[in-house]
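Reader: I would like a close look at a single part of this model, followed by its setting in the whole chain. Please keep it plain.

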Amino acid sequence: MSRLALLGGGFSTDEDGLLDDWVLGHARASRPKVCFLPTASGDAPAYAERFLAAFRPRSCEPSVLPLFRRESDDAALRAFLLAQDVVYVGGGNTANLLAVWRVHGVDRLLREAYAGGTLLCGISAGANCWAEGSHTDSFGPLTHLPDGLGLLPGSVCPHYDSEPGRRSSYRAAVASGALSAGWAVEDGAAALFTDGRLTEAVTRTPDARLYRVRADTGADGADGAVEEAVPCRLLGGDVTASCGTPSG
């Protein structure tokens with residue numbers, strides 16, 4: 001069973017810790033080893049320290065894997081990553097993240113860890129990287145990046161509700177075929193995929209939403225995109241949030 005999670009929040013943006021606790025709840029060990037990869041931020045020290053500060057009090061064994069000042073040889077790097085129960089990828093530049101991983105062979109190791117049962121997850125660039133393609137500002141203006149690890153079929157768009165232009169730009173990319181159908185994650189929502197299929201969707205606030213976005217040809221023959229809202233479970237309660245209504 002291979003699993004990965006797309007996060008619309010976590011320790012870097014939220015104070016309640018609900019999404020991070022949800023991730024840990026899906027780990028295969030009661031006290032999981034959790035490795036943070038801050039590659040997309042250039043291994044920003046403050047980002048790594050914030051992760052450690054958030055996860056050290058939890059029932060887990062947190063660590064950080066820097067690649068810009070790499071210390072492990074190939075064998076040690078492989079052994080370390082394959083021993084992790086959770087790999088948590090931070091935000092930043094998706095294109096740079098993928099390039100650095102490929103230079104160091106981390107992309108191959110993450111595929112191996114994924115196949116072996118390690119839970120992969122991340123926010124922003126750390127959500128984009130798992131899909132076949134993504135919506136990103138890696139090159140400045142918002143655009144499509146038809147390049148990813150491909151562990152999750154289709155495409156991903158983070159910050160769907162919080163960054164100006166994200167929604168319309170992603171929909172246009174899907175409508176034109178620049179990106180295949182995929183998942184739009186609003187800040188506060190999260191999605192778990194098992195063997196490439198959505199198995200759970202949650203939110204930390206009642207108004208955070210997750211959408212399935214696909215191309216659709218309208219009655220007038222014009223290309224467009226359709227949003228299909230995914231029912232989500234509200235964390236911290238027994239309420240099921242509707243996650244909005246579908247729109248054309």
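Is Leu-67 buried or exposed, and what is its relative accessible area?

Author: The model is a predicted one. In it, Leu-67 has a relative accessible area of 2%. Because buried means under 20% relative accessible area, Leu-67 counts as buried.

As for its place in the chain, Leu-67 sits in a loop, with strand E3 (61-64) on one side and helix H3 (74-82) on the other. Leaving aside residues up to four places away in sequence, the contacts of Leu-67 are with Thr-39, Asp-43, Val-100, Trp-101, His-104 and Val-106. A C-alpha separation can be given for Ala-99 as well: this residue is 32 positions from Leu-67 along the chain, and the two C-alpha atoms are 12 Å apart.

Now the setting. The chain holds 7 helices and 15 strands, and 54% of its 248 residues are buried. Of the contacts between residues at least 6 apart in sequence, 66% link residues at least 24 apart. The radius of gyration is 17 Å; a compact globule of 248 residues would have one near 18 Å, so the chain agrees with that expectation. Along the principal axes, the C-alpha trace spans about 60 × 40 × 35 Å.

The accessible surface of the chain is about 10,300 Å², and carbon and sulfur atoms account for 51% of it. The chain carries 22 positive and 30 negative charges, whose mean positions lie 4 Å apart.

Technical notes. Residues numbered from 1 in each chain as written. Predicted model: local features only at pLDDT ≥ 70, side-chain atom pairs only at ≥ 80, totals over all residues. Heavy atoms only, no water. Helix = DSSP H or I, 4+ residues; strand = E, 2+ residues; numbered from the N terminus. Rg over C-alpha atoms; globule rule 2.2 N^0.38 Å. Buried < 20%, exposed > 50% of the residue type's maximum accessible area, 1.4 Å probe, protein only. Contact = heavy atoms within 4.5 Å. Areas by Shrake-Rupley, 256 points an atom, 1.4 Å probe, with all protein chains shown as cover. Lys, Arg positive; Asp, Glu negative; His and termini not counted. Charge placed at Lys NZ, Arg CZ, Asp CG, Glu CD.
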